[in-house]
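Dear colleague,

Please find below the structure that I am handing over to you.

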Amino acid sequence: MSADERREKLLEAALTVMTRDGVAAGSTRAIVGEVGMQVSTFHYCFRSRNELLRELIVRLSATERQAAFAGMEPAPTLRETLQGAVEGYLNHLLTNPEQELVLFELNHHALRTPELHDLAEEQYRGYYKTTEEILALAAELTGSRWTVDLSTVARLVVTATDGVTTTWLADRDTEATRQVMERLLDMVADLAEPIDAKSS
């Protein structure tokens, strides 16, 4: 087995352990034990547990990004176009709640770990960037312009989605969550206008 294959198996094992038992339970020994490897193998593939955690955050965040973009399709209005991205993310959340909980725990762990603190910031920079890309694409596809700075709109969406996610993880009230996201879509859509609106 190549080093890359071992690395991949260790990442999968880490996610399995942390999904089942929580991030705190994902020690180096627990991770290698999940796949029957030696601790020395772990240190051959990763310089430290923190390096593995860093990779996990990057991967899980990328999965969220892919889910949002995968759900997005051109529609007659900006709101309808954004609806697809929201549905893509919500479907991911509903299908992978334990992974989302792991990502939530990892972010808090990073905030409390000096050598990982930059990763927590990087994670959110990635969220803002992805959201800006989705918002910009929705505007382009529907001939719209944002009337508020795009970075501000993106931060609003990320902040609201964060709250929606953690609230749903707590109460699993899917219908209430969908209603909240509908209102968020209304609010966000009101921050845009047709490109020809100023000339009419």
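The largest pocket holds about 840 Å³ of space. A pocket here is an open set of points on a 1 Å grid over the protein atoms alone, where a 1.4 Å probe fits, with protein on both sides within 12 Å along at least five of seven lines; lining residues have an atom within 4 Å of a point. Points are joined across faces, edges and corners, and the volume is the space filled by probe spheres set on them.

This is a predicted model, in which local features need pLDDT of at least 70 and side-chain atom pairs count only at pLDDT 80 or more, while totals for chains, interfaces and linings use all residues. Residues are numbered from 1 along each chain as its sequence is written, and side-chain values use heavy atoms, with hydrogens and water left out.

Of the 38 residues lining the largest pocket, Glu64, Tyr89, Tyr127, Thr131 and Val158 are the closest to its centre. Helix H7 provides the largest share of this lining, eleven residues. Helices are DSSP runs (H or I, at least four residues), numbered from the N terminus. The lining comprises 22 nonpolar, ten polar and six charged residues; Ala, Val, Leu, Ile, Met, Phe, Trp, Tyr, Cys and Pro count as nonpolar, Asp, Glu, Lys and Arg as charged, and the others, Gly among them, as polar.

The largest nonpolar core has 28 residues, and Leu10, Met18, Leu52, Leu56 and Leu106 have the most contacts inside it. Such a core is a set of buried Ala, Val, Leu, Ile, Met, Phe, Trp, Tyr and Cys residues joined through side-chain atoms within 4.5 Å. Buried means under 20% relative accessible area, exposed over 50%, and partly exposed in between (1.4 Å probe, protein chains only). Helix H1 gives the most to this core, with six residues.

There are 16 salt bridges, each defined as a side-chain nitrogen of Lys or Arg within 4 Å of a carboxyl oxygen of Asp or Glu. In one of them, Lys129 pairs with Glu133, their closest N and O atoms being 2.6 Å apart. Both residues lie in helix H7 (residues 117-142), four residues apart, about one turn of the helix. Glu51 forms a salt bridge with Arg47, with closest N and O atoms 3.3 Å apart; Glu51 is buried at 18% relative accessibility, whereas Arg47 is exposed at 72%.

With kind regards

Note on methods. Helix = DSSP H or I, 4+ residues; strand = E, 2+ residues; numbered from the N terminus.
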